[in-house]
Amino acid sequence: MQNFGQLRWISRRLLNLKATEKCFCMKPHNYVIKSLNYSHCQYLISRNFAVSRMMAAGGETGQSNKKRNRLATELSPYLLQHAANPVDWYPWGQEAFDKAKQENKLIFLSVGYSTCHWCHVMERESFEDEEIGRILNDNFISIKVDREERPDVDRVYMTFIQATVGGGGWPMSVWLTPELKPLFGGTYFPPDDRYYGRPGFKTVLNTITEQWKTKRTVIEEQSSVILRTLQEGTSASEAPGQALPDLKACTENLYYQLERSFDQEEGGFSKEPKFPQPVNFNFLFRMYAKCKDTYSEMAKSSLEMATFTLTKMAKGGIFDHIAKGFHRYSTDAAWHVPHFEKMLYDQGQLLFTYAEAYQITKQDEFAVVIRDIAEYAMRDLLHPAGGFYSAEDADSLPTAESTKKKEGAFCVWTFGQIEEVLGEKVNDSLTLAQVFCHHFCVKEKGNVNPMKDPHDELKNQNVLIVEGSLEDTAKKLSLSPVEVNEILEKCRILLYKERQKRPKPHLDDKIVAAWNGLMISGLSKAGQVLKEPVFVDQSIKTTTFLKAHMYDEDSTTLYRTSYVEENDITTGSTPIEGFVDDYAFVIRGLLDLYEVCHDDTWVEWAEQLQERQNALFWDSEGGAYYSNSGRDASIVLKLKDDQDGAEPCSNSVAVSNLARLGTLLNRQDYHEKAATILRVFYERVTKIPIAVPDMICGLMLVQDTLKQIVLVGDPDSDDLNALKDCVDKHYIPNKVTIIADGKSNQFLQGKLEFLNTLTKKDNKATAYVCENYACELPVTSVSDLERLLNVKE
């Protein structure tokens, strides 16, 4: 990728504005400017600048009485939040583009999502301000975009922001020419010049307006340079004669990069803030499986880094110990004080990760977390028809009488509140509150470090965290661990009921195909390792929902989003077609579902989706997948995802999907596509594999031959289920499992001729372990199957 230094200079100097995305880090008695990654920057700004909190989803109390703008007819919860702003917002579309050309105005593009804290702040400070609204309406065509609806728009202009600013985030603010070429941008802008030389939003608007009037020709020329530079700098293609990346070198390089960044004291792969990073855990588990027989120290360390971090996360404040489920990230190194937003994509990925941790270790603590995540998602994020909603907000009203929201208000507790709810006695010397407060580190004056709460939002409040264990609490209070566990569960139920009396955070009830794909994977894996049919049943129900409500059978087109409208499910009058991550994540979900239910109709649908993904997004000249199809002329930049972040990137997921489908369907062309992706991103995979851990997992599947485990027999028979349980309880990442009974596998029988040659031995359910469709001698006992799989009890 090219050096964007010149592009950064052009964008900053073009409008004679200072670079806006520096982060101010508060220290005692002075301020210093530091360049940091955006997530850290956003956190620090949030802790050091006094800002107001957003009101309810519709904005301030009484906003429903205000004039509604064009966004009032949209379905996106985020756009609807801005429907009463004095800004004359347009949704992304031709009407806005034509208006900009007709009136010779620049476009102001604002991108965010409905549970975004800083999006709420900028709305309250700027977009609800009448004067700023007038400046925008007089001089710009203002467009509001939900990044979760339109990730294609978001990716284009976030690439520009990251190239010119060095970081990115939401809200994203970008100024475009009427031809949609980016000129200047940033993320959150305060309304005025109050913050230490940081240009305020009004200053930026007025400066850009003046420059457009006086230097339009220069600005238009430079915008073309900016776009051309972005196009050249973001291209990625397969080099002629490029070999596949070396598996041993890449896996060891990634292992050492993770080891160097690992926090030995608190777990995780940074100091602070700390984010759940399921792609890292998934790699470390696979590294453990790959190396446990050859590199014992590397295998041991891989497993310990992953399980230690997962244990710390589950004990930390990032986990909701009352309502369950994980918050977005922790602002501190100890996983204690979270950003309280809850995202579906975190729940789905962490459900899968904890299921793999349990499958490897058989530790009950991981099984508890699996059930807790699933309980939260299926209780609070699930539509009755089967689709999962997107997110819950971090901010909420502290009381029904409050007029301003606070972050975490729904989740935190004062010492007095806990004493009041948990006043019941356990014995003559203990109350429920005393047991609970000891175990969860609840303190009379609150347990949040004031340095993490400069605006006193969490003053005297407690964020629940476990620093010891059940055994520690039992010993301290002269109880048994069983008694402590029963007491804590009783406390949790009482506090949960009390919490339900509080004003709830905003729920983004938009249903996103990609994120539901992640939940299908997580639920399927949970059902597989815990042998709990309720998780598999829900996975099937969610998959059926996607096919019924978010898929067009005739065109084999997946839709990105659906919405709840008067209790019905709709994709809107002009449905948003799925992007590459929607296809990739749903395909992965289908393959994971097949591994547990073995209904090959899901593999058949996965192949249909893969064919559609190939037709829409594959770069036939340079290789790998574009993130958008290129059919929308308003998307001025075609990009290929090449970094695993909060979600794995589509090209990473596609490598594994293609390898698994290629093996299930005997599709050599799929194997070749998987190899092509790895060659396209050769530099990425070999030099900075920490950017693409999930792609390294795909490399493992491509370079290490996948096992085909075929179980022949009646799926309802005890002997076949014993063989299936044997496979399911062991962690074997490089395999696909097929149940051949002549009924539920008719689609696969048509694809894999060798299945027709495999029969039961001695009239018993029989297992065949195969590679490249060549099989070992059949076995009928669990012990013999374990020997073939090279696993032990």
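**Cis bonds, salt bridges and surface**

Analyst: P171 sits in the loop between α7 (151-165) and β6 (172-176), where helices (H or I, at least four residues) and strands (E, at least two) are DSSP runs numbered from the N terminus. This is a predicted model: local features need pLDDT of at least 70, side-chain atom pairs count only at pLDDT 80 or more, and totals for chains, interfaces and linings use all residues. Residues are numbered from 1 along each chain as its sequence is written, and side-chain values use heavy atoms, with hydrogens and water left out.

User: What is omega for the peptide bond from W170 to P171?

Analyst: P171 belongs to the loop between α7 and β6. The bond that joins W170 to P171 is cis, with omega near 5°.

User: Which residue is joined to P273 by a cis peptide bond?

Analyst: P273 is placed in the loop between α10 (247-261) and α11. With omega about -5°, the bond is cis, and the residue joined to P273 is E272.

User: What is the strand order in the open sheet of 5 strands?

Analyst: Two strands pair if DSSP finds at least two bridges between them. The edge strands, each pairing on one side only, are β3 (90-91) and β7 (182-186). Pairing in the sheet is mixed, and the order is β3-β5-β4-β6-β7.

User: What is the N to O distance in the salt bridge of D88 and R70, and why does the pair tie together parts of the chain?

Analyst: D88 lies in the loop between α3 (77-81) and β3, and R70 in the loop between α2 (38-48) and α3, so the pair ties together parts that are 18 residues apart in sequence. D88 is partly exposed at 33% relative accessibility, and R70 is partly exposed at 29%; buried means under 20% relative accessible area, exposed over 50%, and partly exposed in between (1.4 Å probe, protein chains only). The N to O distance between their side chains is 2.3 Å.

User: Are E356 and R286 buried or exposed?

Analyst: Their side chains meet in a salt bridge of 2.9 Å, N to O. The pair links distant parts of the chain, with E356 in helix α13 (residues 344-361) and R286 in helix α11 (residues 278-291), 70 residues apart. Both E356 and R286 are buried.

User: What is the relative accessible area of R631, whose side chain meets that of E577 in a salt bridge?

Analyst: The two side chains meet at 2.4 Å, N to O. R631 lies in the loop between α22 (601-617) and α23 (650-665) and E577 in the loop between β21 (568-570) and α21 (580-597), so the contact ties together parts that are 54 residues apart in sequence. E577 is partly exposed at 34% relative accessibility. R631 is exposed, and its relative accessible area is 53%.

User: Which residues are linked with R155 in a network of salt bridges?

Analyst: The network is built from arginine and aspartate residues. Linked with R155 are R560, D581, D582 and D641.

User: Where does K362 lie, given its positive phi?

Analyst: K362 is not a glycine, yet its phi is about 60°. K362 is partly exposed, with a relative accessible area of 37%. Its place is the loop between α13 and α14 (364-380).

User: What is the relative accessibility of S478?

Analyst: S478 lies in the loop between α17 (470-477) and α18 (481-499). Phi of S478 is near 55°, a positive value in a residue other than glycine. S478 counts as exposed, with a relative accessibility of 68%.

User: How far apart are the C-alpha atoms of T207 and R612?

Analyst: T207 is found in helix α8 (residues 201-214) and counts as partly exposed at 22% relative accessibility. T207 and R612 are 405 residues apart along the chain. Their C-alpha atoms are separated by 46 Å.

Definitions and conventions. A salt bridge is a side-chain nitrogen of Lys or Arg within 4 Å of a carboxyl oxygen of Asp or Glu.
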